[in-house]
Amino acid sequence: MLQNKTRSDKPLEKLSNGENDAKNDEIVDKLPPLQDRFGRTFDYVRIAVTEKCNLRCTYCMPEEGVDLLSKDKVVSDEEILRIIRVLARMGVRKVRFTGGEPLVRKDIIQLVEGAASTPGVKAVHLTTNGLLFERHAKDLREAGLTGVNISLDSIDPERFQTITRRAGVETVLRSIDLALDYGFPRVKVNVVLMRGFNEDELHSFTEMTRDKRITVRFIEFMPFDAHQIWESGVHFASAESLVHQIEEFYPGIQDAPGTRTEHHTFQAPGYAGKIAVIPAFTRSLCGNCSRIRVTSDGSIRNCLYSDIEYNLRDPLRAGASDDEVVALFRKAFAEKAKDGFESKKQSAARKVSVSDIGRVSMTQIGG
Ligand code: SAM
Ligand code: SF4
């Protein structure tokens, strides 16, 4: 448990409601929101800040890792913060840093600080595997991070090692407690559930919400793993089957408010935390999509399932004006398909394949 003496009170008070303070409402040069032709508004950006990772989750990365981008291809701090500033003018209120493992990026604290102090930005979150979190938790909190999602697919040390090809479950469990101790307004645990792999741990995970003020989120497995597990006979567990099991564990369980992608959110009677199920593969969440994705080499993706990308980094480096950056985002979202199934078809029709772009892992897209 965290000792009181290591806490810093000032930023914790400032951020206690999960949002940054009112100074961030003052946006000069506000622009019309980023919308698509289906009336969806995009106010949440997920930025992959690196492809590097200190784990090798079997469903995400090949054992030997992926071919890494040369350093000059990765978007810089200044470029990331410029993208965030322009998006905030278009109404983006939430930023998530992801990867790869965002905590292996050396300047992650400065990125969080820069995002949190960008006018208009209300929430800055991070998705991490939790291995380096203990080292950075205090600085992240002070820098203005308002939410942390920690990924953990098994509580059993041996199985954790099988899934991630590394040791570390105890560290990840400590990171979850530490995030709560530091008072991060949103603490979530991401679990990719696979039939025949870790589905038997569903109940152990839901029981974590008994005393901990966390949301445990079960995410459907998606085929972004260089086709290792997807084609190896490990079976996909559907959101529907997970919801069914949760309802059986907790008769009378109540629906609870969740985010737009947490299609099913519950709270067991008397429990401190919540349980959510994310239909990431069955894609019943697409109608509520509010996400903009930026890859670590600075391309815009308008859908996780689309292979079509809009290169933002090169125009930025060639001196593009804010208006030109805005125009590129508007073009990307004007071309967004109705849902993930249509996105796949659209990519196929344009003969863009994953191998053309060279992205074989979620680390390269940002999850
Ligand atoms: N390294 C960080 C982590 O693991 O939290 C952030 C990046 S990771 C790509 C973001 C999320 O995507 C994690 O929760 C991970 O479990 C999830 N993910 C990765 N590959 C996936 C797949 N094939 N299907 C479903 N979720 C996946
Ligand atoms: Fe790394 Fe996260 Fe992918 Fe696991 S899921 S290999 S921790 S990027």
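Let me begin with a term: a residue is near a molecule when one of its heavy atoms lies within 4 Å of it. What I am showing is a predicted model, in which local features need pLDDT of at least 70 and side-chain atom pairs count only at pLDDT 80 or more, while totals for chains, interfaces and linings use all residues. Residues are numbered from 1 along each chain as its sequence is written, and side-chain values use heavy atoms, with hydrogens and water left out.

By that definition, 17 residues surround ligand 1, and the closest are Tyr 59, Gly 100, Glu 101, Ser 151 and Met 222.

Turning to polar contacts, meaning pairs of N or O atoms within 3.5 Å, a backbone N or O atom of Met 222 lies 2.7 Å from a nitrogen atom of the ligand, and a polar side-chain atom of Asn 190 lies 3.2 Å from one of the ligand's oxygen atoms. The protein covers 95% of the 550 Å² of accessible area (Shrake-Rupley method, 1.4 Å probe) that ligand 1 has on its own.

Now, where does Asn 190 sit? Asn 190 is in β5, opposite Ser 151; strands here are DSSP E runs of at least two residues, and helices are H or I runs of at least four, numbered from the N terminus. Strand β4 (residues 147-151) pairs with β5 in the parallel sense over 5 bridges, where pairing requires at least two DSSP bridges.

Methods:
Chains are lettered from A and ligands numbered from 1 in the order in which they are written. A polar contact is a pair of N or O atoms within 3.5 Å; within protein, one must be able to donate a hydrogen and the other to accept it, and residues adjacent in sequence count only if both atoms are side-chain atoms.
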